[in-house]
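Here is a short briefing to read alongside the model.

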There are 4 protein chains.
Amino acid sequence: MNANLSKIKVGILGASGYAGAALIRRLLKHSQVDIVAIGSRQYQAEPLAKAWPQFADLLNLEFVDNEQVIEKSELIFFATPHGVTAPWVNKALQAGKKAIDLSADFRLPEKDFEYWYKQKHEYPELIAKAVYGLVELHRKEIVGKNLIASPGCNSTTAILGLAPLAFNDLLGEDIIINIAASLSGAGRTLGLGKHYAEANENMRPYNVAGNHRHTAEVELSLARIKEMGRDLKSIDIKKRPIVSLNPHLVPMTRGIMVTSYTKAKADNLNDDVLLEHFQKFYQNDPLVVVQADLPNTKAVYASDRSIVSVRYDKRSKQIVTFAVSDNLAKGAAGQAVQNFNIMNAFSETEGLFLEGIWP
Amino acid sequence: MNANLSKIKVGILGASGYAGAALIRRLLKHSQVDIVAIGSRQYQAEPLAKAWPQFADLLNLEFVDNEQVIEKSELIFFATPHGVTAPWVNKALQAGKKAIDLSADFRLPEKDFEYWYKQKHEYPELIAKAVYGLVELHRKEIVGKNLIASPGCNSTTAILGLAPLAFNDLLGEDIIINIAASLSGAGRTLGLGKHYAEANENMRPYNVAGNHRHTAEVELSLARIKEMGRDLKSIDIKKRPIVSLNPHLVPMTRGIMVTSYTKAKADNLNDDVLLEHFQKFYQNDPLVVVQADLPNTKAVYASDRSIVSVRYDKRSKQIVTFAVSDNLAKGAAGQAVQNFNIMNAFSETEGLFLEGIWP
Amino acid sequence: MNANLSKIKVGILGASGYAGAALIRRLLKHSQVDIVAIGSRQYQAEPLAKAWPQFADLLNLEFVDNEQVIEKSELIFFATPHGVTAPWVNKALQAGKKAIDLSADFRLPEKDFEYWYKQKHEYPELIAKAVYGLVELHRKEIVGKNLIASPGCNSTTAILGLAPLAFNDLLGEDIIINIAASLSGAGRTLGLGKHYAEANENMRPYNVAGNHRHTAEVELSLARIKEMGRDLKSIDIKKRPIVSLNPHLVPMTRGIMVTSYTKAKADNLNDDVLLEHFQKFYQNDPLVVVQADLPNTKAVYASDRSIVSVRYDKRSKQIVTFAVSDNLAKGAAGQAVQNFNIMNAFSETEGLFLEGIWP
Amino acid sequence: MNANLSKIKVGILGASGYAGAALIRRLLKHSQVDIVAIGSRQYQAEPLAKAWPQFADLLNLEFVDNEQVIEKSELIFFATPHGVTAPWVNKALQAGKKAIDLSADFRLPEKDFEYWYKQKHEYPELIAKAVYGLVELHRKEIVGKNLIASPGCNSTTAILGLAPLAFNDLLGEDIIINIAASLSGAGRTLGLGKHYAEANENMRPYNVAGNHRHTAEVELSLARIKEMGRDLKSIDIKKRPIVSLNPHLVPMTRGIMVTSYTKAKADNLNDDVLLEHFQKFYQNDPLVVVQADLPNTKAVYASDRSIVSVRYDKRSKQIVTFAVSDNLAKGAAGQAVQNFNIMNAFSETEGLFLEGIWP
């Protein structure tokens, strides 16, 4: 193990949010990382345990402002909201630091960003430099880069469940993506819908029927796979499939289940053939488990792995795929650290948690 | 209010199960009912409160065997498992009693039953006499009948979410039905998947891709609507649409959310047009709420109403419908009592709970 | 059933809060009530279903301001926060209306109020006129009164669990009250501790060790029982027992469990003797169930009854009592309507829900 | 890091239970351990992932029978039920293996075992050799031993919350221990009370008033502290304090909250003095966090640490202590591995998880 001096000095912005806590958990045990600064507007000058009692006595840092985090760090994880993150990423890059951005600010081509996020993008030149950090599809492109746009939680899970179909030209004309998402995905901010007494024993759809922003990431990734196969580049593709992505909140703290549907174009399909496509596609991916059994979200609770499975509905000719992730793990912090590892040529799973907490 | 003598003497089989408790709750407050006998194999000779502490001091009955329930009652609710219910229904009818069956034993034509339930049906002649008790579609047919087959919880909710589309010839070639169901739907029996520590913070698909039995009820009902419009008869229809029905367990005690998808055949759709179709279709139905807002399952927690809504996804041309029920209420006991009311020409909502418990 | 004209015109302040919804649920089915106005600062001019989708189509009212509610009503339920309620109660009484106050503003003698709520009381003369509405203890005093101070949820449950011991002079020198309370008890306001992702799978103590305001109600009630026996008057008592009341939040939407401890002063106790004391004490109380079995909170979920039980720990000589309530039912709205019934000489349980929702 | 050959060959009995999964999770990442065999009656000859999907691809073992586990291992963790474990421990020791027993079979003197567990103990001579593995109190005694009796989850948490009081002679005559425990504590076996639809939104007391077996561990430990101070020996003590220990099930997957009460014997107490006693007592214990803030169970979710805090209730003179653990971590597998580390002179926290999962 290296001495502290040779470790990478890492800072975290938005460290008092859920993805922030998940980043700290992983980076604390990462053999090549020294967490040097944590940022939070709300908890400034407070010790870490004020926001996160679970870290009492484990990391002796106080929250500081964004400038200080950037100054002290060689590489910064941005777990801050979309829209406000881009300027800080720009500052970090200007100062010669590296950036892994968990927000949506650099995931999409400028036009798509402006369409889905309904705001102008102030740093379009940085979009061009950013790599879309879905490691399983962009692994080679990530190595050595300075700016990673870590994908959204729903996008990640949806793309992992559909990528082998896209790769094998099995996507039909219609693609339905039905999502069940947990309350932590809505962030550590307040809102009536997140009140325990409102959310418990309740399930509700939101941003359905073409209104969820993660739609764009999914369509673009599927288009890239069709065009480039497996080793994708983060370039724009004009001709993209259209998906209907429909999320629902379920009373869970963590976890995403994505059930996707597309109609078979041919007649020779069955469960085994489909499963084999999935197994081949992910055979070298340590963070994607392909299994014949239908997946449970609990198997990836607090785990940085996703599980995918697939079924063929002979009666309706629908190919039905299932993908589960922990939205804060493979859907956020885990994937960000996975990107960090690939950028820096560390072992892909260093600092990560492979198994889920069950029960 | 009538004196006890003129009330209908009602018995409940399977009274120690979840639908049984929900039936007792409704029939206790029904002005035209006298609960005279409750059946349970497991709790025989025990007082009601042994199985159900919530009824302590409220109904002074002990569980007895099925024969006694049938003997003492004029009308029997059967909240017993499919497969074992039919012979008891037969006995009741032979003895001149009326039957409302919450099991699946008389919901389907003989062939469909044998295909989906993988067993021979011993009383096919009774199937012919049974009315499929989805009141909103079969109201006129139910009046005065002796045997009602009360629909399944998933079927009820799915059909209510799709019926206005079928009625207005808006169903596309492909129909996807994505279901999230709660743990009470799995019954009061034991199983590892129902253990709190396994089910909490967990979501998992089951019986997907053409393997869920409620599929047949949905397809048959949609076919009947296409053929007969609104006032359906419980007859077989050979030509039926095929749906892909895919249920998932979510960590909730009660509630079903059904999200259905079908592609628009024409281009002139929008949210308002669709909503109007729904409003017209259900304008005289006291137990179906049509609303523009997306529905929450909590709004029907312990309520005998369903809520439906609809959206048009312009990008993908998918019509997306949402329907929520309490699986033990409109999905089981509430609907059974609604059938009881229609059979006997009582007010449709007598004994029922209209509003949900929130929070 | 009376025609509408002869019903009591009832208004509800704070109708967009949890106790407000529970009041509407009960008053809607109350045969002697016409709900004429509902107040809410936050939802003013919005229809009821905007705040409470579960009531869609069931009560055609919009939220109005407090003045209008008072003006239109003969009797007003105040489900508004302590501190701000007293002036409105004063206005209502000045205008000749009756008031049932679910807040803490009139439950305690002036000095106690100022000590525990750390604010001056502006209407001490009204405190003198208010009756403490724990019906089981003050039933006779409530009849015909104009101002009822409906007790707190924790206080109600704790007092019901200890009253038979106080009545039979079985309270030892030390009295420990350990409380587990649910998230709805914290109100429909926002706070990080109520966020689903913070509250779920979490339990935490709060306001312990002499810091919970409900302590005063419990001590005063136990003192009154010692002095007056069963038919209490809402007068001050100087000499009171001291209790240590310690609440904890548990991840439940509804429900309170109070476990109380006091050491036996004599040696001749056992479970049966204690149970008999409890049964005798509550023999004429339709909303208190005494049972030998240990109680579950689920048996009173959405029910207006409390369940109490008692055990004698021979080894330690501790008398351990258990009491469960739904904090929004017997702990709030149910008890308020129970008071309404007693005030007006209606049946004590009119409009109430006796059995709990299980599952 | 050592090569595999120099690692300790470890086996786990009861590996398909909850403590078993938690042991695998810790031992998988333990630098000095090679898991060589896992035992399960129920899953025999099945791969690990059949019982535990979260470990898919992470440990390539099948479940075998107990004999094989013992034969292949140098040290065995016994996560099997009390009563059936002792004979297997005996076999393991006879074969020269070391044993860490998570069951209750060797925690108590023979007489106490027979009183509380209502069965004869067949291996009383092994009780004499067993060390009670509450590391914070028995650390020195554990080093180099062959048989560790790892404490119960409730006992561990209760003792940690009271030990500093016992050590400083602050325990009054009466000691009340109020426990809230989670559903995983009831094991991975079936039972109606563990059904999600019965346990969710429900809280219920069980084995109260002198009927919970963990009582004996607590009383004996408090007696030992009084007699020996801090470095305890696992010997019998006749004169013991009597506690009233009262557990309740709460709807959580993991976690224990213990709230304990004892009356101050002197008048000079306050929060600060008490807190200082706790801080001093645990100053060298890496798995016990002492904090001024009241503890949350979530801060130790999946963590091997306990958090303790204390308050003085001036009004009632009660000292109130709070202790939280994850019943499967510090309450079971984490403590067992902590014992393993101390036995073998490894770092005390090797293989353990210090921080909790939040949210």
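The crossing of helix 7 of chain D and helix 12 of chain D is right-handed, a term used when the near helix is turned clockwise from the far one by less than a right angle. This is a predicted model, in which local features need pLDDT of at least 70, side-chain atom pairs count only at pLDDT 80 or more, and totals for chains, interfaces and linings use all residues. Residues are numbered from 1 along each chain as its sequence is written, while chains are lettered from A and ligands numbered from 1 in the order in which they are written.

**Helices 7 and 12 of chain D**

- Helix 7 (residues 135-142) and helix 12 (residues 329-343) of chain D have axes that come within 9 Å and cross at roughly 30°.
- Helix 7 of chain D is therefore roughly parallel to helix 12 of chain D (angles under 35 degrees count as roughly parallel).
- V135(D), R139(D) and I142(D) of helix 7 meet Q335(D), Q338(D), N339(D), I342(D) and M343(D) of helix 12; residues are in contact if their C-beta atoms, placed from the backbone, lie within 7 Å.
- This contact of helix 7 with helix 12 of chain D has 4 nonpolar, 3 polar and 1 charged residues (Ala, Val, Leu, Ile, Met, Phe, Trp, Tyr, Cys and Pro count as nonpolar, Asp, Glu, Lys and Arg as charged, and the others, Gly among them, as polar).

**Helices 8 and 11 of chain A**

- Helix 8 (residues 153-167) and helix 11 (residues 271-281) of chain A pack at about 100°, with their axes 9 Å apart.
- That angle makes helix 8 and helix 11 of chain A roughly perpendicular (65 to 115 degrees).
- A163(A), P164(A) and F167(A) of helix 8 touch H277(A), F278(A) and F281(A) of helix 11.
- Here the contact has 5 nonpolar, 1 polar and no charged residues.

**Chain B with chain A**

- On each side, the contact involves 45 residues of chain B and 45 residues of chain A.
- Elements giving two or more residues to the chain B side include strand 8 (175-181), helix 9 (196-199) and strand 14 (318-325).
- The chain B side divides into 21 nonpolar, 13 polar and 11 charged residues.
- The same surface serves both copies, as 100% of the contact residues of chain B recur in chain A.

**Chain B with chain C**

- Chain B and chain C each give 24 residues to their contact.
- Helix 1 (residues 18-28) of chain B supplies the largest share of the chain B side, 3 residues.
- By class, that side of chain B has 14 nonpolar, 7 polar and 3 charged residues.

Note on methods. Axes fitted to C-alpha atoms, helices over the stretch in contact; angles between N-to-C directions. Helix = DSSP H or I, 4+ residues; strand = E, 2+ residues; numbered from the N terminus. Parallel < 35°, antiparallel > 145°, perpendicular 65-115°, else oblique. Contact = placed C-beta atoms within 7 Å.
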